[in-house]
Amino acid sequence: MEFFRIRRDIPFMRHALVLNVISAVTFLAAVFFIATRGLHLSIEFTGGTVIEVAYPQAAPLEKVRASVDALNFGEAQVQNFGTSRDVLIRLPVRGDVKQADVVGRVFGALCQAEGASTSSVQLTTDKGESVSKVVCGQPGAEPLTLQRSEFVGPSVGSELARDGAYALLATVIGIMLYLAVRFEWKFSVAGILANLHDVVIIVGFFAFFQWEFSLAVLAAVLAVLGYSVNESVVIFDRVREAFRKFRKLSPREVIDHAITSTISRTIITHGSTLMMVVSMYIFGGATLHYFALALMIGILFGIYSSVFVAAAIAMWLGVKREDLVRQGPKETDPDDPNAGAVV
C-alpha cells in the first residue's frame, strides 16, 4: 500500500558522512550522560516499598508529599496513579524499619493530615470471600482507603537488573544472527550498530533528564530493538532486490533507490504507531507515561538510524551486488529485452 510514489531517487547517501557525524556526536553525548549522571532506577531495581492510596476526591499531592517527607523515610516519590484520586507512594529501602511499620506509619500520617483515625473493615466479594481493607475518614464521609502495599528487597531488585541486562544482550545477539543468516555479515554489523545507537540514546535521555527507569521502560527499550530492526530489514531487503534488478547502478545509487522506495511505507507504519504511542502518553496516566515516552524516542530515532546509520554503515563496509546475489553460469541481464527468451 502506498499513499504516494516518488519517481526520482533521493540522494540520501550523498549526505551520509555529515549525518553519521551527527549520530556519533549524539551517541557519545548519551554515553557521557549515562556515565556521569547515571540512571534514576525505580524501586523494582533498587528495592523499596510501594503504597497505593485511594482518596474520595482529587488527591492533594502536595499535602501527601509533605506528610510523607515529615516521616524522614528518605526520598519519597508521590504521584497520581490511574486517576486523580489514586496516589502511588514509593519509598526507598530502610533496613532499620519493618515494611509493615513503614506502611502503617505512612497511612497513619495521611489519615492524620485528613483529621481522621485508621480502622479496618471487612469486605465481601461476589464469591463470598472476605477481604480486609484499612480505611480512615470522617463520620458520614467517604473513607481514605489503603489499596495495596508491596515491598521489593534489594536482592530482588539487583536480580531484576541483572536479568534485564541478560535479556537485552540476548536480544542483540539474536538480531545479529538473524541479519547475518537472512542477508550478509555487513548488514548484520550495520543493523546492530544502528539498534545499539537507538538504545543508548533512549537511555541517555533518561540519564540526562533523570526520568525514572523502570521495568516498563526496559520493556519499551526491548520493543524498540525489535521495531527498529524491522525497519532495517525492510530497507536491506529492498537493497537486495535493487541489486538484482538494476545491475548497472552503483551500491550508493542502489541504497538511495531502496530508501526512496520505502518512504511511503515508512510514513504509514511509523505514523500509525506514533499515533497510538502518543495516545498512551497523553491518556495512559502515570503508569504508561515513561513507557510511552521511551517508545516515542525510540521510534523517532529508529527511523533515523535505519536510514542514515544502518544503510550508511553498510555502504561504508563496502556492500556490493556479489554479497547478496548468487551468480550462476546462466545468469542474464534483467535489463536485456531478450532475457529469458528461448531460442
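Asn-72 counts as exposed, because its relative accessibility is 60% and exposed means over 50%. This comes from a predicted model. Asn-72 sits in the loop between α3 (61–69) and β3 (77–81). Its phi is positive, about 55 degrees, although Asn-72 is not a glycine. Most residues other than glycine have a negative phi.

Gln-210 also has a positive phi of about 55 degrees, and it is not a glycine. Gln-210 lies in the loop between α6 and β8 (212–213). Here the residue is partly exposed, with a relative accessible area of 31%.

## The chain as a whole

The chain has 11 helices and eight strands. It holds 343 residues, and 40% of them are buried.

## One disulfide

How many disulfides does a search of the whole structure find? It finds one. A disulfide is a covalent bond between the sulfur atoms of two cysteines. In this model the partners are Cys-111 and Cys-136, with 2.0 Å from S to S. The link of Cys-111 and Cys-136 is left-handed, with -95 degrees about the S-S bond.

Cys-111 belongs to helix α4 (residues 99–113) and Cys-136 to strand β6 (residues 130–136), so the pair ties together parts that are 25 residues apart in sequence. Are these cysteines buried or exposed? Cys-111 and Cys-136 are both buried.

## Aromatic pairs

The structure holds 13 aromatic pairs. One of them joins Phe-33 and Phe-208. This pair is tilted, with 55 degrees between the planes and 4.7 Å centre to centre. Phe-33 lies in helix α1 (residues 16–37) and Phe-208 in helix α6 (residues 185–209), so the pair ties together parts that are 175 residues apart in sequence. Phe-33 is partly exposed, at a relative accessible area of 23%. Phe-208 is partly exposed as well, at 34%.

Tyr-304 and Phe-308 form a tilted pair too, with centres 5.4 Å apart and 55 degrees between the planes. Both residues lie in helix α10 (residues 285–316), four residues apart, or about one turn of the helix. An α-helix has 3.6 residues a turn, so residues three or four places apart point the same way. Phe-308 counts as buried because its relative accessibility is 17%, and buried means under 20%.

Some aromatic residues gather in one cluster, including Phe-33, Phe-208, Trp-211 and Tyr-290.

## Helices that pack together

Two packed helices are described by the angle between their axes and the distance between the axes. Helix α7 (residues 215–245) and helix α9 (residues 263–283) pack at about 170 degrees, with axes 12 Å apart. That angle makes α7 roughly antiparallel to α9, because angles over 145 degrees count as roughly antiparallel.

Which residues make the contact? From α7 come Tyr-227, Asn-230, Glu-231 and Val-234. From α9 come Arg-265, Thr-266, Thr-269, His-270 and Thr-273. By class, the contact has two nonpolar, five polar and two charged residues.

Helix α8 (residues 251–261) has buried residues, among them Val-254, Ile-255 and Asp-256. Ala-258, Ile-259 and Thr-260 of α8 are buried too. What do the buried residues of α8 pack against? They pack against α7, α9 and α10.

How values were computed
Residues numbered from 1 in each chain as written. Predicted model: local features only at pLDDT ≥ 70, side-chain atom pairs only at ≥ 80, totals over all residues. Heavy atoms only, no water. Axes fitted to C-alpha atoms, helices over the stretch in contact; angles between N-to-C directions. Helix = DSSP H or I, 4+ residues; strand = E, 2+ residues; numbered from the N terminus. Parallel < 35°, antiparallel > 145°, perpendicular 65-115°, else oblique. Contact = heavy atoms within 4.5 Å. Nonpolar A, V, L, I, M, F, W, Y, C, P; charged D, E, K, R; others polar. Disulfide = S-S within 2.5 Å. Buried < 20%, exposed > 50% of the residue type's maximum accessible area, 1.4 Å probe, protein only. Phe/Tyr/Trp six-rings, centres within 6.5 Å; stacked < 30°, edge-to-face > 60°.
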